[in-house]
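Have a look at the model first.

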Amino acid sequence: MPRASSKSIPMLALAATLFVALAHVAFMVVETFLWTTPAIRKRFGQSEEQALATEVLAKNQGVYNGALAAALGWAALSGETRAQVVLLGFVIVVGVYGAATAKRSILFIQALPAAVALVLTLLGL
């Protein structure tokens, strides 16, 4: 069982959680600021028209990813283990849903790193 507000999260769990948080910062940047650029359109297989039509939705999703990154960073750096566990669980659930409904690679890019961080946190590593 994770420790409550231990103020010291073990190094591997901390590093893995911060990696997940940084990944979500990257997702936020892509979705909020780069969505309509040629490189991102190509990465997501979208025409300029499709990217423009979904830009507001992508920006909204980006804000959520930024907030999640901030919350994960806060939980990890302040030793709020319970919050860290809950947030990593959210990332896993959303990643699995995204893999099932949008793009399979989301499972490996989003859910798997969060699952590793969660396991390390629960094991106290």
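## Charges and surface

Start with the charged side chains: 9 are positive and 5 are negative, and the centres of those two sets sit 13 Å apart. Keep in mind that this is a predicted model.

## Overall layout

What is the chain built from? Along the principal axes, the C-alpha atoms fill a box of roughly 50 × 25 × 20 Å.

Of the 125 residues in the chain, 39% are buried. If you take contacts between residues at least 6 apart in sequence, 65% of them join residues at least 24 apart.

## A look at α4

Helix α4 covers residues 81-101, which makes 21 residues. From first C-alpha to last it reaches 30 Å, close to the 30 Å expected at 1.5 Å a residue.

Which residues of α4 are buried? They are T81, Q84, V85, L87, L88, V91, I92, G95, G98 and A99. An α-helix has 3.6 residues a turn, so residues three or four places apart point the same way. Keep that in mind when you read through the buried set in α4, which includes Q84, L88, V91 and G95.

And what covers those buried residues of α4? The cover includes α1 (11-34), α3 (48-78) and α5 (106-123).

Technical notes
Residues are numbered from 1 along each chain as its sequence is written. This is a predicted model: local features need pLDDT of at least 70, side-chain atom pairs count only at pLDDT 80 or more; totals for chains, interfaces and linings use all residues. Side-chain values use heavy atoms; hydrogens and water are left out. Helices (H or I, at least four residues) and strands (E, at least two) are DSSP runs, numbered from the N terminus. The expected span of a helix is 1.5 Å times one less than its number of residues. Buried means under 20% relative accessible area, exposed over 50%, partly exposed in between (1.4 Å probe, protein chains only). Contact means heavy atoms within 4.5 Å. Lys and Arg count as positive and Asp and Glu as negative; His and the chain ends are not counted. The place of a charge is taken as NZ of Lys, CZ of Arg, CG of Asp or CD of Glu.
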